Amino acid sequence: MRVGLGYDLHPLIEGRPLVLGGVTVPYPRGLRGHSDADVLTHALIDAMFGAAALGTIGAHFPEGDPRFAGVSSLLLLDEARRLVEDAGYRVVNVDAVIIAQEPRLQPYLGPMARTLAARLGLEVACVGVKATSPEGLGALGRAEGIAAQAVVLLESRSGDDLGPFRAPEAGHAARRGRPPGTPEVGT
Ligand code: MG
């Protein structure tokens, strides 16, 4: 099993739809970004890549790449799922929190969880989506943007948690409880 953490933050601006977890939330402003700026889905993708040691969302889907201009982040999630599965892992469960002063997100959390679960091929019970208020503090508290955090648990389909990333020497050292690169002494 491997755990990953993702965090993302986007500014709120006029003239954009507000998309969170693939769900469009009625609100006069939306998040600024190259894609649809779905901060929740981005945090989830980064957690998946982190858990699988596949790098970052920015490395896979670079800002400014015309292929991703205005694209639904659910399509990026589909690609992230494919990459994680190709690396030998399966998503077990997700937990996420959106940090937003406004709008009130409670009515949309269930649809977000169902949307993300469907995209990941999971039961909805395996995807948690919560929202919390920054209590008026800082830029988020002034509703200048929305942030999200996500954690993801991956299961190795081979039972080997280092999977394809196991370097022979590093794996050998890790099994003996020594940091990789530490010279072996005795048996
Ligand atoms: Mg982002």
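This is a predicted model: local features need pLDDT of at least 70, side-chain atom pairs count only at pLDDT 80 or more; totals for chains, interfaces and linings use all residues.

In S7, Leu153 is the bridge partner of Val3.

**Strand pairing**
- Strand S1, which covers residues 2–14, runs antiparallel to S7, and 10 bridges join the two.
- S5 is likewise antiparallel to S7, to which 10 bridges join it.

**Overall fold**
- The chain contains six helices and seven strands.
- Read from the N terminus, the order of elements is β-β-β-β-α-α-α-β-α-β-α-β-α.
- The chain has 187 residues, of which 34% count as buried.
- Of the contacts between residues at least 6 apart in sequence, 72% join residues at least 24 apart.

**Nonpolar core**
- The largest nonpolar core comprises 44 residues, and Leu20, Leu40, Leu44, Met48 and Val152 have the most contacts inside it.
- Two or more residues each come from strands S2 (18–20), S5 (89–99), S6 (127–132) and S7 (145–156), and from helices H1 (39–51), H3 (73–86) and H4 (106–120).
- H1 makes the greatest contribution to this core, giving nine residues.
- Apart from neighbours within four places in sequence, Leu44 contacts Gly6, Leu77, Val94, Ala96, Leu116, Ala150 and Val152.
- In soluble globular proteins, nonpolar side chains tend to be buried together.

Definitions and conventions:
Residues are numbered from 1 along each chain as its sequence is written. A nonpolar core is a set of buried Ala, Val, Leu, Ile, Met, Phe, Trp, Tyr and Cys residues joined through C-beta atoms within 7 Å. A residue is buried if 20 or more other C-beta atoms lie within 10 Å of its own, exposed if 12 or fewer, and partly exposed in between; C-beta atoms are placed from the backbone. Helices (H or I, at least four residues) and strands (E, at least two) are DSSP runs, numbered from the N terminus. Two residues are in contact if their C-beta atoms, placed from the backbone, lie within 7 Å. Two strands pair if DSSP finds at least two bridges between them.
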